[in-house]
Amino acid sequence: MIVKHLNDIIGTENDVDTETWRSYRILLKKDGMGFSFHHTIIKAGTETLIWYKKHLEAVYCIEGSGEIELADNGKIHLINPGTLYALNGHEKHLLRAESDMHMVCVFNPPVTGREVHDKDGSYPLPADD
Ligand code: 9YT
């Protein structure tokens, strides 16, 4: 059994801070669960282009508000506490935060640690996947 607290993650190598989001990576590939589990803060007033070509991600908002726009058709979905979106089609999208949005995120396959978006908004797969 694994037990962790957010306080065990903050300020460590599993606390990944970028211009538009900060991700506390609580469970990683090495934890052996088959997914990774993150608490992510999308920073207020930001827009992030994301396109997980090699991962599936589910995202559940627990605080804050914003929107997700699908790049293919311009469709916008509002996000507020209780909203879940699941990128089951590797959808390219723009994520905008009106206020700091706290999101619980699950990735399959799991991320390994320090991944940040490449120029397309994607994460690489580890060499053995
Ligand atoms: C919602 C989303 O994908 N935000 C970008 C960061 C990602 N959730 C992560 O690596 O934790």
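The mean positions of the 13 positive and 20 negative charges of the chain lie 4 Å apart. In this count Lys and Arg are positive and Asp and Glu negative, while His and the chain ends are not counted; each charge is placed at NZ of Lys, CZ of Arg, CG of Asp or CD of Glu. The model is a predicted one, in which local features need pLDDT of at least 70 and side-chain atom pairs count only at pLDDT 80 or more, whereas totals for chains, interfaces and linings use all residues. Residues are numbered from 1 along each chain as its sequence is written, and side-chain values use heavy atoms, with hydrogens and water left out.

The overall dimensions come next. The C-alpha atoms of the chain fill a box of roughly 40 × 30 × 25 Å along the principal axes. The radius of gyration, taken over C-alpha atoms, is compared with a globule rule of 2.2 Å times the number of residues to the power 0.38. For 129 residues a compact globule would have a value near 14 Å, and the chain agrees because its own radius of gyration is 14 Å. Its accessible surface comes to about 7000 Å², of which 54% belongs to carbon and sulfur atoms; such areas come from the Shrake-Rupley method with a 1.4 Å probe, and for residues only the protein chains shown count as cover.

Buried residues make up 43% of the 129 residues, where buried means under 20% relative accessible area, exposed over 50%, and partly exposed in between (1.4 Å probe, protein chains only). Taking contacts (heavy atoms within 4.5 Å) between residues at least 6 apart in sequence, 64% join residues at least 24 apart.

Strand β3, residues 36-42, is mostly covered, with 6 of its 7 residues buried. Two strands pair if DSSP finds at least two bridges between them. Strand β2 (residues 21-27) runs antiparallel to β3 and is joined to it by 6 bridges; here Tyr 24 stands opposite His 39 of β3. β3 also pairs with strand β10 (residues 101-108), in the antiparallel sense, over 7 bridges, and His 38 stands opposite Cys 105 of β10. In a regular strand the side chains alternate between the two faces of the sheet.

Pro 109 is found in the segment after β10. This residue counts as buried because its relative accessibility is 19%. Pro 109 and Ser 65 are 44 residues apart in sequence, and their C-alpha atoms are 27 Å apart in space.

Note on methods:
Helices (H or I, at least four residues) and strands (E, at least two) are DSSP runs, numbered from the N terminus.
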